[in-house]
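We'll go from one packed spot to the next.

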Amino acid sequence: MSVVDKQLATMLANVPEKTGKPMADWLTLIAASGLDKHGKILAMLKGDHGVSHGFANLIAAEALKTDAPADPVADQYSGPKAALRPIYDAILDFAQSLGGDVEVAPKKTSVSLRRAKQFALVSPATKTRVDLGLALKGDDPSGRLEAYNAMCSHRVRLEAPADFDDEVKAWVAEAYARSG
């Protein structure tokens, strides 16, 4: 356990003694207040309840913790977008086969594929389509390879695993090669 983890554990254990209430009571009180901003919760705890700044900060942070999914990719490809997961899996498998330096960075609504810099972005754009953004700056958009945005210069729309064919794989490989 790190020093920071030990300090946090000590502060959490001391909440009842130092604030007069156990953490569960504070969390109930905050939930009942309807406050959802750290600063407002902090002000309420300090002003209305006389909690010191350090413990008010700790309690506010605990109250605002979310139960974010452990796997953002699973969340992206759930519900009506579940059928798109095989497309994502095919892209990921191919990208990782390009080299051991591929970094997979899931975000809330997309997954960034990086090397020294981002070379691809995989997004379940609709219920029926995955957008594969590619960093191919300088290449003219043509056919399935469309102009996209500042982060990824080009996009390919994929509606089935078969759409991730040799042509698209060549574009991914090229974007990977340019990112090193």
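Predicted model: local features only at pLDDT ≥ 70, side-chain atom pairs only at ≥ 80, totals over all residues.

Residues are numbered from 1 along each chain as its sequence is written, and side-chain values use heavy atoms, with hydrogens and water left out.

Let's start with the helices. Helices (H or I, at least four residues) and strands (E, at least two) are DSSP runs, numbered from the N terminus. Two packed helices are described by the angle between their axes and the distance between the axes. Here the axes are lines fitted to C-alpha atoms, for helices over the stretch in contact, with angles running from 0 to 180 degrees between N-to-C directions.

Look at helix 2 (residues 23–33) and helix 3 (residues 38–49): their axes come within 11 Å and cross at roughly 110°. That makes the two helices roughly perpendicular (angles of 65 to 115 degrees; under 35 is roughly parallel, over 145 roughly antiparallel, and the rest oblique). Their crossing is right-handed, meaning that the near helix is turned clockwise from the far one by less than a right angle. On the helix 2 side, the contact (heavy atoms within 4.5 Å) is made by Trp26, Leu29, Ile30 and Ser33, and they meet Ile41, Met44, Leu45 and His49 of helix 3.

The charged end of Lys21 sits over its ring, 5.3 Å from the centre (the rule wants NZ of Lys or CZ of Arg within 6 Å of the ring centre and within 35 degrees of the ring normal).

Now follow helix 3 to its next partner. The axes of helix 3 and helix 4 come within 9 Å and cross at roughly 135°, and the two are therefore oblique to each other. This crossing is right-handed. Helix 3 brings His38, Ile41, Leu42, Leu45 and Lys46 to the contact, while helix 4 brings His53, Ala56, Asn57, Ile59, Ala60 and Ala61.

His53 is found in helix 4 (residues 53–63). Leaving aside residues up to four places away in sequence, His53 touches Leu42 and Lys46. With a relative accessible area of 45%, His53 is partly exposed (under 20% is buried, over 50% exposed, partly exposed in between, using a 1.4 Å probe and protein chains only).

On to the rings. Rings of Phe, Tyr and Trp (its six-membered ring) pair if their centres lie within 6.5 Å; planes under 30 degrees apart are stacked, over 60 edge-to-face, and the rest tilted. By this rule there are 3 aromatic pairs. One of them joins Phe94 and Phe164 edge-to-face, 5.9 Å centre to centre with 70° between the planes. Phe94 lies in helix 6 (residues 85–97) and Phe164 in the loop between strand 6 (154–158) and helix 7 (166–178), so the pair ties together parts that are 70 residues apart in sequence. Phe94 and Phe164 are both buried.

Another edge-to-face pair is Phe119 with Tyr176, at 5.5 Å and 80°. Since Phe119 lies in strand 3 (residues 118–126) and Tyr176 in helix 7, this pair links parts 57 residues apart in sequence. Phe119 is buried at 0% relative accessible area, and Tyr176 is buried at 9%. Arg115 also lies over the face of Tyr176, at 4.1 Å from the ring centre.
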